[in-house]
Amino acid sequence: MSTPEKRHWENVYGTKAEDDVSWFQTYPKTSMDFVESLPVDLSANIIDIGGGDSRLVDALLEKGYQNIWVLDISAASIEKARKRLGANAAKVHWIVSDVTEFTPPVKYRVWHDRAAFHFLTTGDKITRYLSIAEDAIHPGGYLVLGTFSENGPTKCSGLEIKQYSETSMTTQFESSFEKLQCITEDHQTPFNTTQNFTFCSFRRNNKAGNIE
Ligand SMILES: C[S@@+](CC[C@H](N)C(=O)[O-])C[C@H]1O[C@@H](n2cnc3c(N)ncnc32)[C@H](O)[C@@H]1O
């Protein structure tokens, strides 16, 4: 189904070069530092939500992760990432879907999201995301989330976003996730500006609300 959000992102990835967008990184160091800090096997299912044509998948493949999934609302972004990876693209599970409509085919040990969750600005969409993430992440599995901070921009790619502090992000996820670590960081855009992010990792509680 074509929604205004999907049309926006198909247009962005259909018209802009990889390094012509503010979120571009040659190496996603913070994301990789978070993922590598987690005690998960290289065979674990790891999903990058709103991964677009991010090079996180390249970095994960390089480190030897074997079950990588990339989900994005934009088919054009996935096509760009697949082209860049060439033969290695066949090692990755690719999903074109709005995350709020996602039916996870497996349970994930790691759910990573850099700058996708913050586009959900209505209570309804946020609740849907939370319930899908709760269901998709294995009890004892991990959520790594990066959004613009309260010192960051109020828009991303021209769209309104919701900023998070460590406290507001933790509060949003606390019913099912235990906070592990949070940082703020300045992302240097390709246009020589900075964007302040909040990045946190969380551990999924088990169904009874306790840690497995
Ligand atoms: C600012 S970009 C960040 C891309 C990538 N995570 C990175 O850090 O380089 C936001 C990404 O989220 C995707 N996105 C936005 N809303 C989405 C949604 N509702 N479901 C799935 N993907 C979405 C966009 O297509 C885009 O690739």
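Predicted model: local features only at pLDDT ≥ 70, side-chain atom pairs only at ≥ 80, totals over all residues.
Trainee: Which strands form a hairpin, and how many residues are between them?

Mentor: β8 and β9 form the hairpin, with 5 residues between them. Asn-192 sits in the turn with a positive phi of about 60°, although Asn-192 is not a glycine. Residues are numbered from 1 along each chain as its sequence is written, and side-chain values use heavy atoms, leaving out hydrogens and water.

Trainee: Is Asn-192 buried or exposed?

Mentor: Buried means under 20% relative accessible area, exposed means over 50%, and partly exposed is in between (1.4 Å probe, protein chains only). Asn-192 has 72% relative accessibility, so it counts as exposed. Now look at Ser-157, in the loop between β6 (155-156) and β7 (159-160). Ser-157 also has a positive phi, about 55°, without being a glycine. With 22% relative accessibility, Ser-157 counts as partly exposed.

Trainee: What joins Cys-182 to Cys-200?

Mentor: A disulfide, which is defined as a pair of cysteine sulfur atoms within 2.5 Å. The two sulfurs of Cys-182 and Cys-200 are 2.0 Å apart. The torsion about their S-S bond is about 110°, so this disulfide is right-handed. The pair links distant parts of the chain, 18 residues apart: Cys-182 is in β8 (residues 177-188) and Cys-200 in β9 (residues 194-204). Cys-182 is buried at 18% relative accessibility, and Cys-200 is buried at 0%.

Trainee: Which cysteine is in no disulfide?

Mentor: That is Cys-156, whose nearest cysteine sulfur belongs to Cys-200, 18 Å away. Cys-156 is buried too, with a relative accessible area of 4%. By the sulfur rule, the count comes to 1 disulfide.

Trainee: Let's move to another strand. How many residues of β1 are buried?

Mentor: In a regular strand, side chains alternate between the two faces of the sheet. β1 (residues 45-49) is mostly covered, with 5 of its 5 residues buried. Asn-45, Ile-47 and Ile-49 are on one side, Ile-46 and Asp-48 on the other, and both faces are covered.

Trainee: Which strands does β1 pair with, and over how many bridges?

Mentor: β1 pairs in the parallel sense with β2 (residues 67-72) over 5 bridges. The chain goes from β1 through helix α3 (residues 56-63) to β2, and this β-α-β crossover is right-handed. That word applies if, with the strands pointing away from the viewer, the path from the first strand over the helix to the second runs clockwise. Asp-48 stands opposite Val-70 in β2. β1 also runs parallel to β4 (residues 108-114), joined by 4 bridges. There, Ile-46 has Val-110 as its bridge partner.

Trainee: And the ligand: which residues come nearest?

Mentor: A residue is near a molecule if one of its heavy atoms lies within 4 Å of it. Of the 18 residues around the ligand, Tyr-13, Gly-50, Asp-72, Val-99 and Arg-114 come nearest.

Trainee: Where does Ile-73 lie in the chain?

Mentor: Ile-73 lies in the loop between β2 and α4 (75-85), and is buried, with a relative accessible area of 15%. Ile-73 and Asp-98 are 25 residues apart in sequence, while their C-alpha atoms are 4.6 Å apart in space.

Key. Helix = DSSP H or I, 4+ residues; strand = E, 2+ residues; numbered from the N terminus. Pairing = 2+ DSSP bridges.
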